[in-house]
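Here is a short briefing to read alongside your structure. Shall we start with charged pairs and then move on to rings, backbone and surface?

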Amino acid sequence: MEMEFTAAGVTVGGYDEDGVLPLAEVTSSVEELQAFYEKYRAVFALDQPAYPGFVGRMAAYDDTFFEGHSLVLVLLQASGSAESITLQSVRRENNTLVLTYQRELSELAGTTALIYTAEFVELDGACGDCTATVEIV
């Protein structure tokens, strides 16, 4: 079942040394959002002044938001500024949310430095028992 979503991404730092990206986690409370932050903040520099967007976005989510919504946090890696990865759809298959991203390469030259993005994907309705997975096409 296709789901409507709102997504906003912020640049983060760090390095995917363990090869865990892309990753997605469903959060259904402020506590779960805070746990995600604590789990990944050192690895992906979520609390560094050079990348203030993650902490700023986190502040927008409170108990009232989670009463009627779920939030999927996604960490992605692009292989340079000439590559973009855009969320195309979210569908629910039983208790799994499948987030499909489109990878596009620009013909314009860009940097080859790895770029890390954290996306906040808002969904209507609770999905506390769901897991999430990312497909990149």
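Aspartate 47 and arginine 41 form a salt bridge, with their closest N and O atoms 3.4 Å apart; the term means a side-chain nitrogen of Lys or Arg within 4 Å of a carboxyl oxygen of Asp or Glu. This is a predicted model, in which local features need pLDDT of at least 70 and side-chain atom pairs count only at pLDDT 80 or more, while totals for chains, interfaces and linings use all residues. Residues are numbered from 1 along each chain as its sequence is written, and side-chain values use heavy atoms, with hydrogens and water left out.

**Salt bridges**

- Aspartate 47 is partly exposed at 32% relative accessibility, and arginine 41 is partly exposed at 31%. Here buried means under 20% relative accessible area, exposed means over 50%, and partly exposed lies in between (1.4 Å probe, protein chains only).
- Arginine 91 meets glutamate 93 in a salt bridge of 2.7 Å, N to O, and glutamate 93 is partly exposed with a relative accessible area of 39%.
- Arginine 92 and aspartate 129 also meet through their side chains in a salt bridge, at 3.8 Å from N to O. Arginine 92 belongs to strand β5 (residues 83-93) and aspartate 129 to the loop between β7 (115-124) and β8 (131-136), so this pair ties together parts 37 residues apart in sequence. Helices (H or I, at least four residues) and strands (E, at least two) are DSSP runs, numbered from the N terminus.
- Of these two partners, arginine 92 is partly exposed at 23%, whereas aspartate 129 is exposed at 52%.
- The whole structure holds 7 salt bridges.

**Aromatic rings**

- A search of the whole structure finds 10 aromatic pairs. Rings of Phe, Tyr and Trp (its six-membered ring) pair if their centres lie within 6.5 Å; planes under 30 degrees apart count as stacked, over 60 as edge-to-face and the rest as tilted.
- Phenylalanine 54 and phenylalanine 120 make a tilted pair, 5.0 Å centre to centre with 45° between the planes. Phenylalanine 54 sits in helix α2 and phenylalanine 120 in strand β7, so the pair ties together parts 66 residues apart in sequence.
- Tyrosine 61 lies in the loop between α2 and α3, 59 residues from phenylalanine 120.
- One aromatic cluster includes Phe36, Tyr37, Phe54, Tyr61 and Phe120 among its members.

**Backbone**

- Most residues other than glycine have a negative phi, and most peptide bonds are trans.
- Leucine 21 and proline 22 are joined by a cis peptide bond, with omega about 0°; proline 22 is in the loop between β2 (5-12) and β3 (23-27).
- Alanine 45 has a positive phi near 50°, lies in the loop between α1 and α2 (53-58), and is buried with a relative accessible area of 11%.
- Asparagine 94 has a positive phi of about 60°, is placed in the loop between β5 and β6 (96-105), and is exposed at 71% relative accessibility.
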